[in-house]
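Dear colleague,

Please find below the structure for your review. My notes on the findings follow it.

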Amino acid sequence: MTLDRFVAKPAMTYRRVGLMLAVLFCLFIASASLLFTKAREEALQNALQQGFQLEYHLLVSLLSEPLLRCDYVQVRKTLSDYFNQNPDYAAVALTAPNGFSIFSATRPFPAGESFREVRQVVMVEKATQGILELKKKDQVKAAWWLDSTGLIAVVIGLPLLVLALLVWMIVKRLGLDPLRSEAESQSASYEALFEQSKEAILVLSGAGWIEKVNPEARRLFRLSEEQLPVQLESFHTAESFLQVEQFLDKVREDGFHREVVYLAAKDLYLDIVASRMEVGGEHKIQLLIHDVSPIHRSQRELETLRDELKHSLKTYQDLFNSSGDGLVVRDLNGILIMANQAFLTMLGYEVKDLVGTHCAEICKAKDCDNFEEVLKGQPVVFQALHRAKSGEEIPVEVNSALISFKGQRAVLSSVRDLRERLEREERLQQLLAVVENSNDGVLVTDADGTIIAVNRAFCTISGYEEREVLGKNPRLFQSGVHDQAFYRSMWKELKQRGGWQGEVWNRNKEGKVYPEMLTIRSLRDATGKVNRYVGIFTDLSNEKALEEKVLHLAQTDPLTGMANRVLFRDRLQQAIKHAERHQSTVTVCSLGLDRFKKINDSLGHETGDQILIEVAQRLKRCVREEDSFCRLSGDEFALMICCGEESVDIATVANKILQAIRLPIVIDDKEHFLTASMGIALFPKDSGNDLGLMQKAESAMHQAKERGRDRYCYFSREFSEQAEESLRLTNLLHKALENRELQLHYQPQVELATGRIVAAEALLRWQSSDLGWVSPARMIPVAEESGLILPIGLWVLEQAAGQVRSHYDASGEWIPIAVNVSVKQFMAEDFVDLVQTVVDRQAIPANCLELELTESLMLTDVDQAVSIMERLHELGVTLALDDFGTGYTSLAYLKRFPVDKIKLDRAFVTDVHCSRSDAALAKSLVAFTSVMDFELVAEGIEEEIQTEALNEMGFRFGQGYLYSRPLPEAEFSALLLAKTTLPVPSASAGAAS
């Protein structure tokens, strides 16, 4: 075999093999194209189906809101518009859950068309709203042969693959594989490049072990062949940001990855290009590594310099904007380049309003843009007015200097707002004017107490000239009134609190001591150290004099010059404290002039005042210098005697005072006679405090008045308890009307001969919630004394008249009711009018309201009493004289009084059947009343023998417990309606009414 033949045979074989492989490749490409077309067709069909589903869901979302509102008009409009706008739809229908057709529309298409259909339930907020059906023409129709693509590919491709495999095995058996030769050639070339590369190359196993390195890699990582294989992780520390496993996973997935990493263990920045390759059927990873450490270090230094520059710029910008003064940068022509926020806020502009403007537009100074001095390197300072955006002219101080700004020369101006400073200076001038013209003295010292300034008022008050006190110490004015402890306390408070205020007595230039109200304040410098003391004082001389005068007026009686209650209490308190310390006694006497009111009423207040002055003089002569006395009120005086021997000394003084007052008092050549009543209380026997002693003495004085006046009484606890009881009853009686505790009981008046009820007497009863039943003997005097008798009396009149009316409404008969009337009530100016009002309001006959009057009327103004009785008679009211025989009534008075009825007191009725004098009085009274045409009623009848005696004497009417006790309203009404004659068998004797 020749060499040419040997060479030609492989060439022929290569051509045949190549042709065969080309045919097989074409067949394989055809089969793959069929399969790819089929796959694309299926993907397209899936996409169309997804689009169809998306259109369905979009349509459902459009229908959700109108379906929820049941707005089927809107539903039909939406479906109709959708169907008309989409011509590919063959049918659209919506059916309600109950089968009702909400909407239905169809469109004809040629036969043979394919469609996509959907029929699903429409759910809105988990509720079924209907069933939606859609039918749409299919836009892509698959070729018929695509349905058998898979089978064709299998039938053609499988034999071809088997044939290609056989051919490949023959080629390899004959050693005719050109790819192997090419691979061996490429492997040799790769080895040469691997060894000679100037970049480090590492070959890793699939698990990440370094299996092979080139010389540059051994040099860079200081590796030797003996150290291989080694894990890639050994090049890294735990803090390295290169995560080995993540790096390798990216290479395995992508086949290629590039990353710049920092190896902390080697202090290297490396640019790594990793690629996946297959060697001998195994997967390997090749790392092509380039050392970029110098570049990165340079970049790091550059970044550091850049950060420092940014920080410096930010610091400058912060300083520029945080300055309290306005800062402005202008070029040498006066054009504004930059301004800080303080400047913009001061003038009310924004930076865009000012950048590029000339300084003359806001500055009113003529030479504001004259930078000649600045260019010479000298700062320029001047004051000007800057115009704000609002038009206000703001006084400012401008300080300009030359600077370098962005490589060029510029002018930096500091603009300070002078408004606050000018206002402060103006206020300071005003304050200085106020201080200089103030009425208060002002003194200023340094920290050592040396006087450095005083005002005009200081000189006026102290009498010193300014030149006489400057440089001196304020000790010059000390009066000696205050001790050293006072000044130590003052300086201690001044140092602790920074101020002191109080009253000080100082001495003026003439040596006169005067009081002043002094306020001292310490002033501190910027370091907090005291550098000044300021004293402000007011002369209190006039105030002190006025205070003494006011105190004298407040503590003395202006008429008599005696001490008043305030000063007397103060002296008494001091005396009690002294007595407690020395175990001695204090006596308080309360003196009241008897019936002094009559003197004022008859002689006038001027005469009364002269009498009071004379009484005060006599009291002063009766006591010692150490004793104290005062005028408490109009005609009441008080006396305090210390260290007396109670009974002997006090009795002597009391008699002496009473005797002095009994002496005639001559005024305008007329003699006037007075008496006084005195009450005496002792400390500590009667009370331990001043108010208690004065109260006890006053109580004893009232006791002396009740015992007949012109005498003295020692304090009696029994009398005091009675007074307290009276006060308590008064307080309870005030609430009795409000709480409806008062009642009226009615005692019948009967005709003695028949026992028939002809009238009744209303008797007041009080059932207290605190005391229970209170007797009239306790209640009536309290009501008289307290004045409550007037509202109570009116209430009684109303109730009695109401009872008259109530009985008439029930029976048709009028019955008279008698009511007791007190002297105070009867003598009131409006009493007649009140009676008229009660009668009219209840609509009863006036003669059914009987008023019982006592004989005490005779002791008051008889003429006024007769006048009131006559007016009551004109109204038709019946008048009765109650308790006849116990007073001082004379027959002459009976003749004058226009009364209708006389009631004989029970004191004469009790023994009328056995006492000749009582019987004689009764018989004479019967004769007198028959002549005078008075009715006669006997009170307090308790026995039948009394009734028999009275009948024989000519008495027609009577009342008493023999007939009936006083009855409550309900029982009395029932008794009247029953028309029972009295006495009844159940009646029993008891106390008189």
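**Largest pocket**

The largest pocket has a volume of about 880 Å³. A pocket here is an open set of points on a 1 Å grid over the protein atoms alone, where a 1.4 Å probe fits, with protein on both sides within 12 Å along at least five of seven lines; lining residues have an atom within 4 Å of a point. The volume is the space filled by probe spheres set on the points, with grid points joined across faces, edges and corners.

The model is predicted: local features need pLDDT of at least 70 and side-chain atom pairs count only at pLDDT 80 or more, while totals for chains, interfaces and linings use all residues. Residues are numbered from 1 along each chain as its sequence is written, and side-chain values use heavy atoms, with hydrogens and water left out.

The lining of the largest pocket comprises 34 residues, and Glu761, Leu763, Pro776, Ile780 and Asn820 lie nearest the centre. By class, 15 are nonpolar, ten polar and nine charged. Nonpolar covers Ala, Val, Leu, Ile, Met, Phe, Trp, Tyr, Cys and Pro; charged covers Asp, Glu, Lys and Arg; the others, Gly among them, are polar. Strand β29 (757-768) supplies the largest share of this lining, five residues. Elements that each supply at least two residues include α22 (776-786), α23 (789-811) and β33 (878-884). Helices (H or I, at least four residues) and strands (E, at least two) are DSSP runs, numbered from the N terminus.

**Strand β23**

All seven residues of β23 (636-642) are buried, that is, under 20% relative accessible area with a 1.4 Å probe, protein chains only. In a regular strand, side chains alternate between the two faces of the sheet. In β23, Glu636, Ala638, Met640 and Cys642 are buried on one side, and Phe637, Leu639 and Ile641 on the other.

Strand β21 (586-593) pairs with β23 in the antiparallel sense over seven bridges; pairing requires at least two bridges found by DSSP. Ser590 stands opposite Ala638 in β23. Strand β22 (628-631) also pairs antiparallel with β23, over four bridges, and Ser628 stands opposite Met640. β22 and β23 form a hairpin with four residues between them.

**Whole chain**

The protein chain contains 31 helices and 36 strands. Of its 993 residues, 40% count as buried.

Yours sincerely

Technical notes: Buried < 20%, exposed > 50% of the residue type's maximum accessible area, 1.4 Å probe, protein only.
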